[in-house]
Amino acid sequence: MENERNEKELGKSVAVIKDISTSIVTRGLNDIAFLTNHKSAEYFLDAGQCLFYESENYHHANLYFSQAIRLDPHNWKAYQMRGESYYLMGEFDLSLSDYQHSLTLNSQDVESLLGCAQSHIKLNNYETAMAFCMNAIDISPTDMCAFKTLALACHMMGSYSREWQVCDKILQLRQLPMDFFGRGIACFSLGSYKEAISDFDESIRRGYNHFYAYHLRGSALRRLEQRDHGIEDLTTAILLNSNYSNSYAERGVAYTHFDQYSKALFDFSEAVRMSPDNPHYYRMRAMCLVRLNEYSLAIHDYKRAIDLNIQDAKIHEELKVAYSHLNRESVCSLNQIESEIIDKLKKLNEIEIQFRQFVSQSETPLGSEQQRDFLSKILQIGYDAFCLKNDAVLYFADHDTKILREYDTNLRPVMDKLKGNRKFGSISAYELLVKLLNVTEEGYGSVSSMESVCREMDKIRENLKKMAQYTY
Amino acid sequence: MQESVEVIITPEEEEFARKLEELSTFTELLANNELELETLRNSVFAFERQYLRLVGLRYVKLDEVRAEIADELAKANPNDSAAQQQFESARTTAHKSASEFESHGLSESQGKVNFIPSPELKKLYRQLATKIHPDTTTEETKKRHQNDLMSEINEAYAACDLTRLREILRGWESSPDSIVGEDVAAKLIRAIRSIAQISARLKAIEKEAEAIRQSEMFKMMEQVRLAEKSGRDLLQELVDKLDAEIEIELARLESMKQGFSDGK
């Protein structure tokens, strides 16, 4: 009945707002008729409520409520509504002030009391919020919204047993699916996972198909080491809401218990993508990356977690372990590349001997003077390649990459020329030259990778030094 | 010794005396009703100007802002036919209001805030109307002349110009038109015709006054006057309401523009 009346009035306000009659005189008459039948403040209050409930345009509605207050500073409803609009606009200081003002005009208004409580919760004043809720419950002892707000305040304050009591009281008054869910949250927070699961079961059984119910049940199952069922629930939660990072993180943790690190890595990466400021997700991913032998990436994630101010001493230990893994790996790869280079150089040496023999045995192996010059140039490069080992050693000594760079600029144009000139001398001479150049090029490639590994090593040394500074 | 003279009153003269009395009553009534009509017309006219200047202008502004909002919405949703339609209708309304306002030519003329004639002004008008009203004469030339004079009187009355009215009265009284000297029979016929003319004019006045009383502007004026008695200034309330609505719409437009530019 009450609702019907409200709807009617709201409808009228809409008509008033949308009224753009033909003549400005007729409009004046209509407006005067409205003004003589209503107080002007009521007009703005009605119009504001219409915008608030129908268009959910809180900002615009707020302006109407302000005008209603200006016209009638004793209109508590206008203060209450403006408070509500401020609350939904995220202006909790302002919403609190309006709700309080509304209460000075009508101290029995439960909605304003709960508005105060909710604003206080947003402003982290949980105890004050609880006091407002109690006040509301005194006035209206079966007001579910008051109990719910009280439960929320208890939860935010970390007073989970009190939260449980409130939720239990709600269940005594009514048994809606969401009420079981509410008590489940309290149980979960208290660490009573079995009880939590039973409440979540009940709420889901009764049709509460909210992703968070699945998320929490999955998380509880994981903690009770029923990980496969946990993964199932968490997957359902993700299907229902793919934007909640914590479901991915929880499932990631469950996967690591099954040593499914690739799957876990995917989940942690999703969690990081959605919540790039959560240090725990970086740390979890880093741990996963260590398991996948991706030490550089793991170190990067550990560092990000430390930058985001994670409060855990163990993380430095973990970072150190990752560094040592990376160091060991780098030394291995350096040795490997070194032996590769030696192999290549040996091969180069052999080819060079073959080539010289070929040149001495053949009377006219090559055509013109130009071609001979060209050959000797390549030969020279071959010699240079032979010296690569020494260059690499030099590089280790004084980090001089100049030689490598010069070598590269000399080699490239000759290679290109050779590839473009297939009429060069006899077939065997040509083949030999190609072989020579290929090996030379490979040798250079090895040196380049050696260079990058060296650089990586340098970084590691530097990081270790830094680590030493703040670890010890 | 004084000679006694027997005055013989002819039937024509007797009838003429009666008609003259009747005519005088009619003329007085006519002057009164003309005054009332003129007062009514001027009051509504003055109220209309006041309304247009205070309220009408604000409706025009409000419609302009609403049309701008509809324009922004239409621009943001070029494929939404409803938005385009809404813009069209908002623009039409804005044009209509603006041209309606302009049609009153308010910006050119100053117009008086309120028409409140003094009792002296009313008295003088009544006096003039009794003497000069074109319907009191049957002669065409005189009628034309008096018609012109009456228009002048009405103008001076609308402007509450007491001096001008006095001048007209002085001019009339010293003019030969005020002196009538003819035979009784002719006078009698003229008196009868004048009475007929005046009663026709009285009916016309009543009709015109009724038309004014039926107009929206008069109804609005009555409501405003009635509210004034209980201490409410409805025009000011309308102004406040419209100002607030304009402010709200402007804020909405601003946030809309902001939102769109942020979105870009």
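A: Chain A has 23 helices and 0 strands, where helices are DSSP runs of H or I with at least four residues and strands are E runs of at least two, numbered from the N terminus. The model is predicted, so local features need a pLDDT of at least 70 and side-chain atom pairs count only at pLDDT 80 or more, while totals for chains, interfaces and linings use all residues. Residues are numbered from 1 along each chain as its sequence is written, and chains are lettered from A and ligands numbered from 1 in the order in which they are written.

Confidence comes before the details. The pLDDT (the predictor's confidence in each residue, from 0 to 100) averages 78 in chain A, with 67% of the residues scoring at least 70. Residues 1-21 of chain A stay under 50, and the model has 20 contacts for them beyond four places in sequence; two residues are in contact if their C-beta atoms, placed from the backbone, lie within 7 Å. Another stretch of chain A, residues 393-401, is also below 50, with 8 contacts in the model beyond near neighbours in sequence. Where pLDDT is low, the predicted coordinates should not be read in detail.

Of the 472 residues in chain A, 38% are buried. A residue is buried if 20 or more other C-beta atoms lie within 10 Å of its own, exposed if 12 or fewer, and partly exposed in between, with C-beta atoms placed from the backbone. Among contacts in chain A between residues at least 6 apart in sequence, 53% join residues at least 24 apart.

The part to examine is the pair H6(A), residues 92-105, and H7(A), residues 110-122, whose axes come within 9 Å and cross at roughly 155°. This crossing makes H6(A) roughly antiparallel to H7(A). Axes are lines fitted to C-alpha atoms, for helices over the stretch in contact, and angles run from 0 to 180 degrees between N-to-C directions. Angles under 35 degrees count as roughly parallel, over 145 as roughly antiparallel, 65 to 115 as roughly perpendicular and the rest as oblique. H6(A) passes H7(A) in a left-handed crossing, meaning that the near helix is turned anticlockwise from the far one by less than a right angle; clockwise would be right-handed.

On the H6(A) side the contact is made by Phe92(A), Ser95(A), Leu96(A), Tyr99(A), Gln100(A), Ser102(A) and Leu103(A). They meet Ser112(A), Leu113(A), Gly115(A), Cys116(A), Ser119(A), His120(A) and Lys122(A) of H7(A). By class, this contact has 6 nonpolar, 7 polar and 1 charged residues, with Ala, Val, Leu, Ile, Met, Phe, Trp, Tyr, Cys and Pro counted as nonpolar, Asp, Glu, Lys and Arg as charged, and the others, Gly among them, as polar.

Asn124(A) lies in the loop between H7 and helix H8 (126-139) of chain A. Asn124(A) is not a glycine, yet has a positive phi of about 65°. Most residues other than glycine have a negative phi. Asn124(A) counts as exposed because 11 C-beta neighbours are inside 10 Å.

The contact of H3(B) with H4(B) holds 8 nonpolar, 1 polar and no charged residues.

In the loop between H4 and helix H5 (162-173) of chain B sits Cys160(B). Cys160(B) has a positive phi of about 55° although it is not a glycine, and is partly exposed, with 15 other C-beta atoms within 10 Å.

Last, the two chains meet in a contact that takes 20 residues from chain A and 24 residues from chain B. On the side of chain A, the elements giving two or more residues are helices H2 (24-37), H3 (40-55) and H4 (58-71) of chain A. H2(A) gives the most, with 10 residues. The chain A side divides into 10 nonpolar, 8 polar and 2 charged residues.
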